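Student: I have a model open on my screen and would like to learn how to read it. Could you take me through it step by step?

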Amino acid sequence: MAIMTATFPGQTALTQPETKVVYRDSPEADLVRQAQAGDDRAFRQIVEKHQSKVFSIIYGILRNRNDAEDIAQQVFAKIYFSLKGFDFRSSLITWVYKITVNECYDYLRKQKVRKLVYESDLGEKDERTMENSPLAVEKGAANDDRLEKRDYLMKLLSKVSEEERMLLIQKEVEGLTVEELAGITGLNENTIKVKLFRARQKLVKAAGKLDRAVA
Amino acid sequence: MDQYLQDRMEAYLAGDLAGQELKEFEARMERSSDDAAEIAAMLETHSLFDSIRVSPEETPVLAPGFYARVNQLIEEEKKVPIWEVFLQPFMLRRLAFAALMWMFVLGSATLMTDTTTKTNTELADLILSEQPPANYHVRMGSDIDQNRAAMLAVMMKPGE
């Protein structure tokens with residue numbers, strides 16, 4: 001059923017009612033409940049259903065196959081241990097995405113610390129030699145720009161709420177449409193558009209602040 | 001920002017706007033320099049997502065046996081010694097809080113059941129009555145102050 005609402009000039013006049021999806025009643029919820037009850041086969045089905053998506057998101061961020069696979073395993077281990085606490089307030093996939101992105105943040109943070117420790121252990125001369133080696137120069141040139149952009153984006157994404165971060169990643173990285181996002185979240189399409197717009201505004205604002213801080 | 005622009009922002013960024021709608025969008029955008037600047041900035045942040053976006057062809061295929069490896073990791077984590085749980089940061093905070101609470105409870109209990117005052121009173125009475133306790137070998141005289149000093153010296157002697 002569609003309802004008419006008061007609108008601003010130019011705004012779409014017809015909006016769908018804000019119906020919340022009841023995740024507790026979805027077919028996937030049965031699978032989750034079985035896994036929560038300790039059914040290993042149900043957990044296996046969950047893993048097999050989402051492993052490719054999870055791996056693809058992690059690989060997109062890390063661009064390292066081995067690390068991505070390790071993190072993907074950790075994500076599912078974390079899901080296994082916290083599945084009992086999953087309360088169906090969001091869809092399983094949104095919850096899985098949250099854990100995945102948080103694990104990536106965690107990994108990048110640890111990697112940064114490791115890099116700092118490693119660099120502090122190297123002498124200045126060793127460091128220069130490594131930076132100027134042909135392999136490092138070639139590899140660095142190819143990856144530096146992308147890594148720099150990635151780090152910048154991850155910083156910006158850390159400035160928006162978890163919900164906004166998930167919406168942006170699902171829209172931009174997973175390529176979900178506004179309609180699909182509405183289906184997953186149970187919100188209507190206009191609400192999704194507004195949320196995405198606000199999230200993008202926050203990203204722009206955060207970028208401005210970050211650039212000013214660097215300058 | 002113009003509501004028309006807001007409503008079509010996702011389609012514009014995704015390159016899905018075409019024909020008259022795209023023309024209208026661009027015309028409205030040019031009418032406001034603030035809107036144009038904001039949209040340009042949004043396009044810039046939108047392009048940053050390229051750095052983490054991979055096409056299905058680019059993504060390597062997971063090696064077979066992924067679930068088995070996940071399962072192995074779970075089993076390993078299940079074996080983590082119980083004491084390691086206490087080293088987790090959140091656990092340390094809880095332990096510190098619990099220790100403080102225990103100290104508070106024990107301190108309160110000690111104060112409430114303290115018998116020192118009573119003992120001190122008994123000792124003072126003994127000293128004042130010039131009767132040294134049987135387990136203290138103190139030579140007592142007629143001077144009460146001297147007796148008290150001697151008594152305290154004996155009481156504070158290490159090993160007594």
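Student: How many residues of chain A are in contact with residues of chain B?

Tutor: Two residues are in contact if their C-beta atoms, placed from the backbone, lie within 7 Å. Here, 37 residues of chain A are in contact with 28 residues of chain B. Please keep in mind that this is a predicted model, where local features need pLDDT of at least 70 and side-chain atom pairs count only at pLDDT 80 or more, while totals for chains, interfaces and linings use all residues. Residues are numbered from 1 along each chain as its sequence is written, and chains are lettered from A and ligands numbered from 1 in the order in which they are written.

Student: Which elements give two or more residues to the side of chain A that touches chain B?

Tutor: Helices (H or I, at least four residues) and strands (E, at least two) are DSSP runs, numbered from the N terminus. On this side of chain A, the elements are helix H2 (40–62), helix H3 (65–82), helix H6 (134–157) and helix H9 (189–214). H2(A) provides the largest share, 10 residues.

Student: And what is that side made of, by class?

Tutor: Ala, Val, Leu, Ile, Met, Phe, Trp, Tyr, Cys and Pro count as nonpolar, Asp, Glu, Lys and Arg as charged, and the others, Gly among them, as polar. The side of chain A that touches chain B has 19 nonpolar, 8 polar and 10 charged residues.

Student: Which residues have the most contacts inside the largest nonpolar core?

Tutor: A nonpolar core is a set of buried Ala, Val, Leu, Ile, Met, Phe, Trp, Tyr and Cys residues joined through C-beta atoms within 7 Å; buried means that 20 or more other C-beta atoms lie within 10 Å of a residue's own. The largest core has 55 residues, and Val54(A), Ile58(A), Ala68(A), Ala72(A) and Phe76(A) have the most contacts inside it. H2(A) gives the largest share of this core, 10 residues. Leaving out residues up to four places away in sequence, Phe76(A) touches Val47(A) and Val70(B).

Student: Where is confidence lowest and highest in chain A?

Tutor: Look at pLDDT, the predictor's confidence in each residue, from 0 to 100. Strand E1 (residues 3–4) of chain A is lowest, at a mean of 37, and H3(A) is highest, at 94. Over residues 1–19 of chain A the pLDDT is below 50. Where pLDDT is low, the predicted coordinates should not be read in detail. For the complex, the predictor gives an ipTM of 0.72 and a pTM of 0.66.

Conventions. A residue is buried if 20 or more other C-beta atoms lie within 10 Å of its own, exposed if 12 or fewer, and partly exposed in between; C-beta atoms are placed from the backbone.
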